[in-house]
Amino acid sequence: MRVEDLVRGVLEGKRRPLARLITMIENEDPQASEALRLLYRHTGRAHIIGITGPPGSGKSTLVTRMTAEYRRRGRTVGIVAVDPSSPFSGGALLGDRIRMQEHSLDEGVFVRSMGTRGHLGGIARATSDVVRAIDASGKDVIIVETVGAGQSEVEIIDIAHTVVVVDVPGSGDDIQAIKAGIMEIADIFVVNKMDLPGADRKVSEINAMLDLDQKMGEWRPPVLLTNGRTGEGVPELVDKIDEHMVFLRESGLLEEKGLQRSRDELHQIMEYRLTRELLQHLRGRPEYERAIKMIAQRHDDPYSVAQRLIAEFLVELSRSGGGDEDGG
Amino acid sequence: MSPSRKIRVLIAKPGLDGHDRGAKVVARALRDAGMEVIYTGLRQTPEMIVRAAIDESVDVIGLSILSGAHMALFPRVMELLRKEGADDILVIGGGIIPEDDIPELKKHGIAEIFGPGTPLDEIVDYIRKHVKV
Ligand code: B12
Ligand SMILES: Nc1nc2c(ncn2[C@@H]2O[C@H](COP(=O)(O)OP(=O)(O)OP(=O)(O)O)[C@@H](O)[C@H]2O)c(=O)[nH]1
Ligand SMILES: [Mg+2]
């Protein structure tokens with residue numbers, strides 16, 4: 001399939017082209033970057049929501065309930081469910097979808113499972129681009145379920161407008177772990193499994209922690225109770241998520257975050273491409289190997305050599321009028 | 001193909017059959033062989049299975065059934081796949097399926113059937129051999 005046809009299919013909201021593009025993104029197919037380039041201008045419309053929290057806390061169950069609520073409100077939903085890949089085999093058992101199958105025949109819902117494929121941080125390296133593809137396909141809301149999170153699985157904050165941190169009653173010791181990392185990224189706290197004993201205490205514990213938070217801005221994360229099995233509390237959760245988007249818009253934070261994200265992303269892409277081109281330019285050159293030997297033998301130092309090689313590369317680049325182009 | 005290409009497999013249990021041990025054993029074996037396995041749980045209709053296969057862009061659908069309803073459900077899955085133009089997906093099955101039914105199922109496009117006691121390696125090898133990567 002030609003990239004242009006793929007892109008047109010995605011923009012028309014068709015499932016198969018979208019599904020196919022996602023696979024290409026995950027597999028780092030060069031055509032995927034071309035498609036993303038064409039789709040970029042059509043993104044930025046969806047409200048992106050991250051759901052994170054310890055394993056088994058009920059994330060997938062809540063995502064399903066929230067999806068039902070959004071559909072009742074007439075909004076279309078994309079879901080990206082991330083599960084860990086095995087570090088040994090590279091394979092993955094993607095089980096989040098089990099709880100989401102009730103929506104599988106709804107034309108207004110698209111569900112996709114992803115393995116982390118070795119990436120740490122709670123999501124896959126490709127998750128951000130996958131979300132973008134679904135955004136371009138016109139879904140109103142995109143929910144990203146991260147892998148069961150500890151303290152370092154906080155990358156969701158780079159993708160989501162609104163981060164929901166799910167916790168459960170009891171589990172007193174995980175509050176320590178959570179405090180360090182994922183507590184700080186929450187826009188909304190949910191104490192799920194409110195039917196279990198200790199739910200109210202958990203709410204007070206989280207609130208007490210928020211009382212101590214020095215860095216809190218104008219938005220104090222609300223702490224909500226839900227029951228994933230019955231759906232109790234879910235409409236209120238969806239209301240709060242909407243409220244958070246209104247807050248982001250009215251406070252100017254949405255624009256600010258958007259700028260910051262574009263800056264970071266541009267920075268990353270430039271850094272990656274510059275480095276790649278520099279190394280391509282140097283690879284296999286005898287003077288490069290010679291310089292490395294000089295450093296190893298202490299006849300030269302890596303700081304000066306790096307500076308010299310970069311300077312030479314930049315001069316060459318400006319003479320040739322820019323690097324080779326591959327559109328990635 | 002790029003080096004990060006992974007074989008994606010949907011393991012599905014169509015119909016009302018509650019025997020899920022075999023499906024889970026196979027799912028784990030395929031994961032341990034480096035594949036990405038999407039397990040959709042019990043009581044799936046053929047429509048749900050086909051939709052999941054398309055959304056997830058799988059290379060393989062593995063149907064597991066021990067209840068005896070395979071002659072109704074397997075061909076229905078194949079029919080829907082053809083209707084969606086997704087019949088390039090490799091479809092295999094397993095569970096309690098009498099020898100005599102296998103030729104008929106293959107006529108409908110099921111590539112292979114694996115019965116009780118099949119070594120898991122055999123299933124892994126079959127998929128590796130038959131998915132065009
Ligand atoms: C364990 C078992 C149960 C357990 C199931 C537990 C569970 N969660 O799975 C329990 C006790 C709950 C149970 C209940 C029933 N069972 Co029962 N059960 C069995 C039993 C003894 C073993 C099945 C098993 O788990 N085998 C181990 C797994 C690993 O093997 P497997 O599933 O065959 O999988 C292998 C291959 O088939 C293949 N494979 C399987 N799936 C797939 C998928 C793919 C993609 C691939 C490639 C390969 C593949 O690879 C696997 C590895 O080799 C079988 C008899 C038997 N010997 O098979 C009866 C059997 C399946 N049960 C039977 C029956 C009738 C029932 C009940 C209706 C009994 C009743 N009257 O209550 C209920 C129905 C339950 C329901 N809701 O559907 C009958 C089915 C008869 C039929 N098909 O005509 C059988 C055959 C027993 C018999 N001889 O009568 N059962
Ligand atoms: N008692 C009770 N159980 C719940 C509730 N919500 C979800 N569960 C159960 O909790 C278990 C785990 O739910 P999941 O939705 O799979 O949890 P998860 O956080 O997505 O799990 P991972 O993706 O594996 O990290 C399931 O058995 C659910 O039925 C609830 O409100 N109360
Ligand atoms: Mg889950």
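Select chains A and B together: their contact (heavy atoms within 4.5 Å) takes 30 residues from chain B and 30 residues from chain A. This is a predicted model, where local features need pLDDT of at least 70 and side-chain atom pairs count only at pLDDT 80 or more, while totals for chains, interfaces and linings use all residues. Residues are numbered from 1 along each chain as its sequence is written, chains are lettered from A and ligands numbered from 1 in the order in which they are written, and side-chain values use heavy atoms, with hydrogens and water left out.

The two chains bury about 2500 Å² between them, 48% of it on carbon and sulfur atoms. Buried area is the accessible area (1.4 Å probe) that two parts lose on being put together, summed over both.

Chain B and chain A have 6 salt bridges between them, each a side-chain nitrogen of Lys or Arg within 4 Å of a carboxyl oxygen of Asp or Glu.

Now show strand S3 of chain A (residues 92-94) and S2(B), which run parallel and are joined by 3 bridges. Strands are DSSP runs (E, at least two residues), helices likewise (H or I, at least four), numbered from the N terminus; two strands pair if DSSP finds at least two bridges between them. Leu94(A) stands opposite Ile38(B) in S2(B).

Finish at ligand 1. Its cobalt atom has a single donor from the protein, His19(B) (NE2), 2.1 Å away. Donors are N, O and S atoms within 2.8 Å of the metal (3.2 Å for Na, K and Ca); water is not among the atoms, so sites may look incomplete. His19(B) is in the loop between strand S1 (8-12) and helix H1 (21-32) of chain B.
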